[in-house]
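Thanks for coming. I will go through one structure this morning, beginning with a strand and ending with a pocket.

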Amino acid sequence: MSFTLATWNINSVRLRKGIVADLLTGEAPDVLCLQETKSPVDKIPLEVFAEIGYPHMVANGQKGYNGVAILSKTPIEEVSKQYFGGLDDHARHIAGRLENGVVIHNFYVPAGGDIPDREKNEKFGQKLDYLTDMRDWFATDKPEKSILVGDLNIAPLEDDVWSHKQLLKIVSHTPIEVEHLDAVMQAGDWVDVTRKDIPEGKLYSWWSYRAKDWNAADKGRRLDHIWATPDIAPKAHSSRVLRDARGWEQPSDHAPVFATFDV
């Protein structure tokens, strides 16, 4: 058995339900994890997705901000909602278990503001604290047969950004953020599935709305990730970023990231 999973920061699931439907229809992943849904759970247009063949959902939502959801073709059972970094009113995590026993953690890590200094920027401190709490949680409760996906708001590798040198002091690529993300990865023994499959070359999943022509400028960052525990990471393959989705009508500034698991 195999299943394909996609993760996508949609930047409002209600505003962009049309392109979510396009993705589900055109690409037909078995599971779609969404971040920044910006919607209470009961307002997510599940009926639209159910008509396409995705009647199952677990979600954690709030009005206007944050929010995560997992859409599935097959039944999925909610197993956890976590609130980290002192952000007890932020819907940034949901975990569900598929019928094959795989647990999927869907995260939306705080962006961290514009100044990479926790003394000058409270949001940056919250981001680091969120990652520290993630680390501690996975160190205490070691995951097995699990996948972690989401907008982690960090591009860790040199080839995950358009210019390593120019972005070293820019939030999302600073050394302290990368260290914190590495600590989360080590705590759960997570494997970066995307870079396991695509180890070489520039790879991005986010392009700013500020660029007049995002495609020509191509100043991207790989902020969206798919990780897996060592027991199933070797069974992952066919990783890709659907770059074209960044150019769809009224797009998110993120593109979907895919992987297939033979589990």
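Start with strand β2, residues 31-35: 5 of its 5 residues are buried, so the strand is largely enclosed by the rest of the structure. Buried here means under 20% relative accessible area, with exposed over 50% and partly exposed in between, using a 1.4 Å probe and protein chains only. Helices (H or I, at least four residues) and strands (E, at least two) are DSSP runs, numbered from the N terminus.

Before going on, the provenance: this is a predicted model, where local features need pLDDT of at least 70 and side-chain atom pairs count only at pLDDT 80 or more, while totals for chains, interfaces and linings use all residues. Residues are numbered from 1 along each chain as its sequence is written, and side-chain values use heavy atoms, with hydrogens and water left out.

Back to β2. In a regular strand the side chains alternate between the two faces of the sheet. Here V31, C33 and Q35 point one way, L32 and L34 the other, and all are buried.

What does β2 pair with? Strand β1, residues 3-9, pairs with β2 in the parallel sense over 5 bridges, and L5 stands opposite V31. Strand β4, residues 68-72, pairs with β2 in the antiparallel sense, also over 5 bridges; there Q35 stands opposite V68. Pairing requires that DSSP finds at least two bridges between the strands.

Now helix α1, residues 17-27. Together with β1 and β2 it makes a right-handed β-α-β unit: with the strands pointing away from the viewer, the path from the first strand over the helix to the second runs clockwise. The buried residues of α1 are I19, V20, A21, L23 and L24. Their cover includes β1, β2, α2 (46-52), β4 and β14 (257-261). After α1 comes A28, with a positive phi near 50°.

Next, S80, in strand β5, residues 76-80. S80 is buried, at a relative accessible area of 12%. Leaving aside neighbours within four places in sequence, S80 is in contact (heavy atoms within 4.5 Å) with H93, I94, A95 and W137.

Last, the largest pocket. Its lining comprises 42 residues, of which A111, G113, D114, N153 and W206 lie nearest the centre. A pocket is, on a 1 Å grid over the protein atoms alone, an open set of points where a 1.4 Å probe fits, with protein on both sides within 12 Å along at least five of seven lines; lining residues have an atom within 4 Å of a point.
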